[in-house]
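Look at the model first, then read on.

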Amino acid sequence: MGDLIPNPPPSVLRLFFKMGGTIVVFAGFLFAIFSLVGHFVLLDAERFETDGRNSNAMVTRKRIEEGRDSEGNRELTYYLGLSYVTQRKEEIRVDRSVSRNKYRDTNVGDEIEIRYLASAPRRTEITPGEYRNGARILSLVSLAIGLVWLWLVWLIGGWAVAAVRARRYGRAENVQVHNVRATSTKVNDRPRYRLIWYDSNGMMGQSLQRRKSGFRSLVKGDVITIYHCLNYTWWAVDVGLR
C-alpha cells in the first residue's frame, strides 16, 4: 500500500478539497452572485422611489413566449404590451413580462396604473414596490445561502483540520479491512467507494471516497494503518504518514 500513501502528506487545504471543498466554493459563488444581483435590484428600487413617476397605461396586446429552462422543461413567459404618455408628453410603447395571474386578469384595452423612471421612461413597475420586494427576497435568499456556506466552511474545514491533527498527534493503530462499500455518489455514472474498518473500540471508520481502483487489491482482512482523533479515525492513505 506504500504506493498509495501521498508523499509529502497533504496539506489542510488539499484535504479540504478532497473532503468536498468544491461544494464550499460553489456555495460561496452562489452567495456572491445573489448578493450582487440583490444589490443592483435594491439600487433600482431606490431609483423608482426617488425618480419614479405614476402614469396610466393602456394594454395594447398580450403574448406568451415559450422556451426551455436549464433542465429542458417547457417554460412560458407572459407579456403585456403597454402604451402610456410621460409627464414630458413622450408616448412610450413597451412589452413587460408579468406574472401568470396578472396576465390572466388583464385584457386588451384595460387601463392599468404603472410607475416609470423619469430618467429612463421605458423602465416600469407594474406592481407598486416590485423592485423593493424583489430586493427583499434576494437578500433573504443570500442570507440563507451565506449561512449554509458558513456551516460548510466550519464542517468541512473542521474535518480537514482534524485529519491533520490525527496524522500529527493521534494514536496510530493497525486494523483489518471490513469491506469496500459503494456510496450513493456517482461521477460519470460510476459509483464512488469507501473503505470500511472497525477500530479496537468497535467504532466503525471509513475512508474518503475514491474510485474502486483507488483501493487497489484491498480485501476483507487486510491490515491498514489508521490514526485516531477524538471520535474519528482516519486512514493513513487519505491523510498521509506522519
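## Glutamate 125

A polar contact is a pair of N or O atoms within 3.5 Å; within protein, one must be able to donate a hydrogen and the other to accept it, and residues adjacent in sequence count only if both atoms are side-chain atoms. The side chain of glutamate 125 reaches the backbone nitrogen of tyrosine 131 at 3.1 Å. A polar atom of that side chain also lies 3.3 Å from the backbone nitrogen of glutamate 130.

This is a predicted model: local features need pLDDT of at least 70, side-chain atom pairs count only at pLDDT 80 or more, and totals for chains, interfaces and linings use all residues. Residues are numbered from 1 along each chain as its sequence is written, and side-chain values use heavy atoms, with hydrogens and water left out.

Glutamate 125 sits in strand β5 (residues 124-125). Strands (E, at least two residues) and helices (H or I, at least four) are DSSP runs, numbered from the N terminus. Is glutamate 125 buried or exposed? Glutamate 125 is buried, yet it has no salt bridge. The nearest side chain of opposite charge, arginine 115, is 5.0 Å away. Buried means under 20% relative accessible area, exposed over 50%, and partly exposed in between (1.4 Å probe, protein chains only). Lys and Arg count as positive, Asp and Glu as negative; His and the chain ends are not counted.

## Salt bridges

Side chains of opposite charge can pair when their charged atoms come close. A salt bridge is a side-chain nitrogen of Lys or Arg within 4 Å of a carboxyl oxygen of Asp or Glu. The structure holds 11 salt bridges.

One joins arginine 96 to glutamate 130, with the closest N and O atoms 3.2 Å apart. This pair links distant parts of the chain: arginine 96 is in strand β3 (residues 91-98), glutamate 130 in helix α3 (residues 130-169), 34 residues apart. Arginine 96 is buried, at 15% relative accessible area. Glutamate 130 is partly exposed, at 24%.

Glutamate 91 and arginine 93 also meet in a salt bridge (3.5 Å, N to O). Glutamate 91 and arginine 93 are both exposed. Elsewhere, a network of salt bridges links Arg61, Arg63, Glu65 and Asp95.

## Another pair

Arginine 171 forms a salt bridge with glutamate 173, the closest N and O atoms being 3.6 Å apart. Arginine 171 is partly exposed, at 43% relative accessibility. Glutamate 173 is buried, at 12%.
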